[in-house]
Amino acid sequence: MAGPELTNIKSPRVKAARRLAKRAFRDRDRAFLAEGPQAVREALALPGVTVELFATAEAEARHADIVAAAREAGVPVFGASGEVMAELAQTVTPQGLLAVCRFVHVPLAEAAPAGAALVAVLAHVRDPGNAGTVLRTADAAGADAVVFTDASVDPYNGKCVRASAGSLFHLPVVTAAPVAEAVRHLKDAGLRVLAADGAGTRTLDDVDLAGPTAWIFGNEAWGLPEELLKLADEVVRVPIYGRAESLNLATAAAVCLYASARAQRAAAAR
């Protein structure tokens, strides 16, 4: 069983957790909120990351394995009334589990470990849902790291964490990296840097993607500015075979990352 149920939304513990919805407090406390069973389960899989867990009685019964894992790891578990969970959660229909976690990002120097073959760079990406989806897709495609530049959304934003579906805890993530510095580091690590943009003169169909590659993805509305396109080794566009004007950021990123993953696997098999 969890500890005594928290019922007062103004209690110091609830207020301390709730303020992590704001970036300034996340940065100050170096902590963020992971909401829902999937995110909490993945957070608990990393030793020392989960600080405390809040659980409604219903969620504790439904996800007894997660609560048990938290207690076994020495993570304090607090019962939470429906009102308290609604105060803490950032979703319309909370799933009843919410963890306070320590930051998990790594320095830029660790973004391309020896042998890294695929890295995603988010430059000027502002929508947290898109950013989290790209992070999840990069994880699924077997990427070695995801770099959030200093002009992009905070990966610890609640919506971004939820959209990543636990992938935030699976692979190295860099935050607030200057774009030029990130590109230089990736090139030095032996990766070819490709910018995904509609201005590309060549398409995915025309480019050899078998080698180590870092993809730069830009803003949802205006793509990548000219100065960032110049940093890349090549600008590549996703071919549009039908009548659609364009693809949204997350979809384009999925196409590019999987094209690279497929080409690299095919080359390794030969």
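**Entry 1. Getting started**

I count a salt bridge when a side-chain nitrogen of Lys or Arg lies within 4 Å of a carboxyl oxygen of Asp or Glu. With that in hand, I looked up Asp-154 and Arg-23. Their side chains meet in a salt bridge, at 3.8 Å from N to O. I note here that the model is predicted.

I then asked which residues are linked with this pair in a network of salt bridges. The network holds Arg-23, Arg-26, Asp-27 and Asp-154. I also looked up the total for the structure, and it is eleven salt bridges.

**Entry 2. Two domains**

Next I looked up how the chain is divided. Domain 1 covers 12–102, and domain 2 covers 108–269. I found their C-alpha centres 30 Å apart.

**Entry 3. Glu-35 and Arg-162**

I turned to Glu-35. Glu-35 forms a salt bridge with Arg-162, and the closest N and O atoms are 3.9 Å apart. Glu-35 sits in strand E2 (residues 31–35) and Arg-162 in helix H8 (residues 158–164), so this pair ties together parts that are 127 residues apart in sequence.

Is Glu-35 buried or exposed? Glu-35 counts as buried, because its relative accessibility is 10% and the cut-off for buried is under 20%. Arg-162, at 27%, counts as partly exposed.

**Entry 4. Arg-18 and Glu-87**

I looked up another pair. The side chains of Arg-18 and Glu-87 meet in a salt bridge at 4.0 Å, N to O. Arg-18 belongs to helix H1 (residues 12–18) and Glu-87 to helix H6 (residues 82–88), so the bridge ties together parts 69 residues apart in sequence. Arg-18 is partly exposed, with a relative accessible area of 30%. Glu-87 also counts as partly exposed, at 30% relative accessibility.

Side chains of opposite charge can pair when their charged atoms come close. I checked Arg-62 and Glu-58 next. They form a salt bridge, with the closest N and O atoms 2.7 Å apart. Both lie in helix H4 (residues 57–62), four residues apart, about one turn of the helix. An α-helix has 3.6 residues a turn, so residues three or four places apart point the same way. Glu-58 counts as exposed, at 56% relative accessibility.

**Entry 5. Helix H3**

I wanted to know how many residues of helix H3 are buried. The helix spans residues 37–44, and six of its eight residues are buried. They are Pro-37, Ala-39, Val-40, Glu-42, Ala-43 and Leu-44.

What covers them? The cover includes E2, strand E3 (50–55), helix H5 (64–72) and strand E5 (97–102).

**Entry 6. Positive phi values**

I looked up backbone angles. Arg-30 has a phi near 50°, a positive value in a residue other than glycine. Arg-30 is placed in the loop between helix H2 (23–29) and E2. It is partly exposed, with a relative accessible area of 48%.

Ala-176 also has a positive phi near 50° without being glycine. Ala-176 lies in strand E8 (residues 173–177). It counts as partly exposed, at 45% relative accessibility.

**Entry 7. A surface patch**

Which residues form a nonpolar patch on the surface? I found Ile-240, Leu-247 and Val-255, with about 200 Å² of accessible area together.

**Entry 8. A distance across the model**

Last, I looked up Glu-181. Glu-181 is found in helix H9 (residues 179–188). It is partly exposed, with a relative accessible area of 37%. I then checked the distance from Glu-181 to His-63. Their C-alpha atoms are separated by 43 Å, and the two residues are 118 residues apart along the chain.

Definitions and conventions:
Residues numbered from 1 in each chain as written. Predicted model: local features only at pLDDT ≥ 70, side-chain atom pairs only at ≥ 80, totals over all residues. Heavy atoms only, no water. Patch = residues over 30% accessible without salt bridge, like charges linked within 9 Å, V, L, I, M, F, W, Y side chains within 5 Å. Areas by Shrake-Rupley, 256 points an atom, 1.4 Å probe, with all protein chains shown as cover. Domains from an automatic or database assignment. Helix = DSSP H or I, 4+ residues; strand = E, 2+ residues; numbered from the N terminus. Buried < 20%, exposed > 50% of the residue type's maximum accessible area, 1.4 Å probe, protein only. Contact = heavy atoms within 4.5 Å.
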